[in-house]
Each structure stands twice: as structure tokens, then as C-alpha cells.
Amino acid sequence: MATLRVSSGTINSLPLLTKKTKPHFFLSLRAFKSTLRAASMSYDKELAAAKNAASLASRLCQKVQKALLQADVQSKSDKSPVTVADYGSQVVVSTVLQKELDSASFSLVAEEDSGDLRKEEGKETLQRIMKLVNETLASDGTYGNAPLSEEDVLAAIDSGRSEGGPSGQHWVLDPIDGTKGFLRGDQYAIALGLLDEGKMVLGVPVCPNLSLSSLASNNL
């Protein structure tokens, strides 16, 4: 397994992602240099939870991308494409973080809301999201003991409606950064980070289709 090693006291041995292997993690030293310096041992629990959440979200996204169906694509009111994977990724990340960390103070600033899924025409999409999420959580063997209901899925999506702010801890998520690339079967990322008192203290961007040769050529 290829790994990206960072100096002691920050984030050690973050595995990289390739298209030919199971989902791992890619962390750009250039883009996240300040983040890595700030991520001290006090955030070990949050980092572990973020890695679990992002890995499972990546697993769900890869499954959808491999068998992309027309039914997996729907339009928001602004006409931008939204996929089952977009919603599912957000549900998985929210669910895992809340199970691993203090759910009472949980705050997530994310992209999607459940408005369209609560409409009659969104029921079929909601069913697919629920099925994919439960299959993904069950595949881990840790989070799938109690399958999520439709209401659980909707609540998990809407947990991302936090407005954040300069105080406290706030998770920030883009469930699929690069939706058009995802739909083409190309590059995309699941971008998850943690703000603490207004400062970014850790980040776990997952790039399932990024090859190791790309990293080597860019000295990352």
C-alpha cells in the first residue's frame, strides 16, 4: 500500500488513492501544508472518524460511478446535476461522524439538502439512496447493525445545513467535488475538512480515480 508520510506530530501514513485499488486517501502537501501543521495529536479521534467517513463515502461513489444509470441523475432547481452518489456520500459522512464523535455538538456545513427528495417525484431517488447507503454501511461491519430508514436518510442530509461560524468546531463537506467529472466517469473528489475556532485543523480529500503516476509526476 502506498502512503504519504508527514512529519511526526501531524498526520502520519495517509494512504494514497488509485483507480485500481480499494479507496485510500490523497493529501496534497502543497494545498494542505498549513492544515497538516495545525493537525496535532489532539485531533487524532476526529482524523480517524474523518478517514472512516470519507473512505466509506468513496466506496459508495465508486459503486454508483461504475454502474451509472439515468435514474441516478436528477436536476436541482438551479439545473445543476445532482446524483444519488452526491446525496449518499453526504449521508454516509454525516452518519459516520455522528456515530464516532459527540453528536450533541455536531455541526456540518455541506452542499445538499433534502428538499427535492421530499417531493413525490423524489421518492424513487430516495429509495435508491437509502439502499446504497445501507449497503455501504453494512459492508464495513461497524455501522450497519441498524439500517437507516427514509427519515434517517433525510435527517442525515439535512444535518449538513449548519451555518458554521467563527466559534466551535464545524465539519465542511463537498460530497462530490466535480459532479460533471463524476458523471463522465472521470476525476472527482470527496472533500472533508474540520474547522476549529475558525481555523482549518485537518482535511481528508479523497480522490478515487487519481493514479499514483499522477502524484509522482507532480512531486506530491
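Visitor: Which residue of β8 is the bridge partner of leucine 192?

Guide: In this predicted model, the bridge partner of leucine 192 in β8 is valine 204.

Visitor: What makes β7 and β8 a pair of strands?

Guide: Pairing requires at least two bridges, and strand β7 (residues 189–196) is joined to β8 over seven bridges in the antiparallel sense, so the two strands qualify as a pair.

Visitor: How do you know that helix α2 packs on the sheet, and what angle does its direction make with that of β8?

Guide: Contact means heavy atoms within 4.5 Å, and by that criterion helix α2 (residues 44–66) touches β6 (169–177), β7 and β8, while its direction makes about 30 degrees with that of β8. Helix α3 packs on the sheet too, touching β5, β6 and β7, with its direction at about 150 degrees to that of β6.

Visitor: Why is the sheet called open, and what is the order of its strands?

Guide: The four strands of this open sheet follow the order β5-β6-β7-β8, with mixed pairing. Its edges are β5 and β8 (199–206), each having a single partner strand, so that one side of each is left without a neighbour in the sheet.

Visitor: How many bridges join β6 to β7, and in what sense do these strands run?

Guide: Seven bridges join β6 to β7 and the strands run antiparallel, with valine 172 standing opposite glycine 193 in β7. On the way from β7 to β8 there is a hairpin with two residues between the strands, and glutamate 197 in the turn has a positive phi of about 55 degrees.

Visitor: Why is β7 called largely enclosed by the rest of the structure?

Guide: A residue counts as buried under 20% relative accessible area, and six of the eight residues of β7 are buried, so the strand is largely enclosed by the rest of the structure.

Visitor: What makes serine 107 count as buried or exposed?

Guide: Its relative accessibility is 9%, and the limit for burial is under 20%, so serine 107 counts as buried. Serine 107 is found in the loop between α3 (84–100) and β5 (108–109), where, leaving aside residues up to four places away in sequence, it touches Ser162, Gln169, His170 and Trp171.

Visitor: Which residues of helix α5 are buried, and against what do they pack?

Guide: In helix α5 (residues 150–158) the buried residues are Val153, Leu154, Ala156, Ile157 and Asp158, and they pack against α3 and α4 (123–140).

Key:
Residues are numbered from 1 along each chain as its sequence is written. This is a predicted model: local features need pLDDT of at least 70, side-chain atom pairs count only at pLDDT 80 or more; totals for chains, interfaces and linings use all residues. Side-chain values use heavy atoms; hydrogens and water are left out. Buried means under 20% relative accessible area, exposed over 50%, partly exposed in between (1.4 Å probe, protein chains only). Axes are lines fitted to C-alpha atoms, for helices over the stretch in contact, and angles run from 0 to 180 degrees between N-to-C directions.
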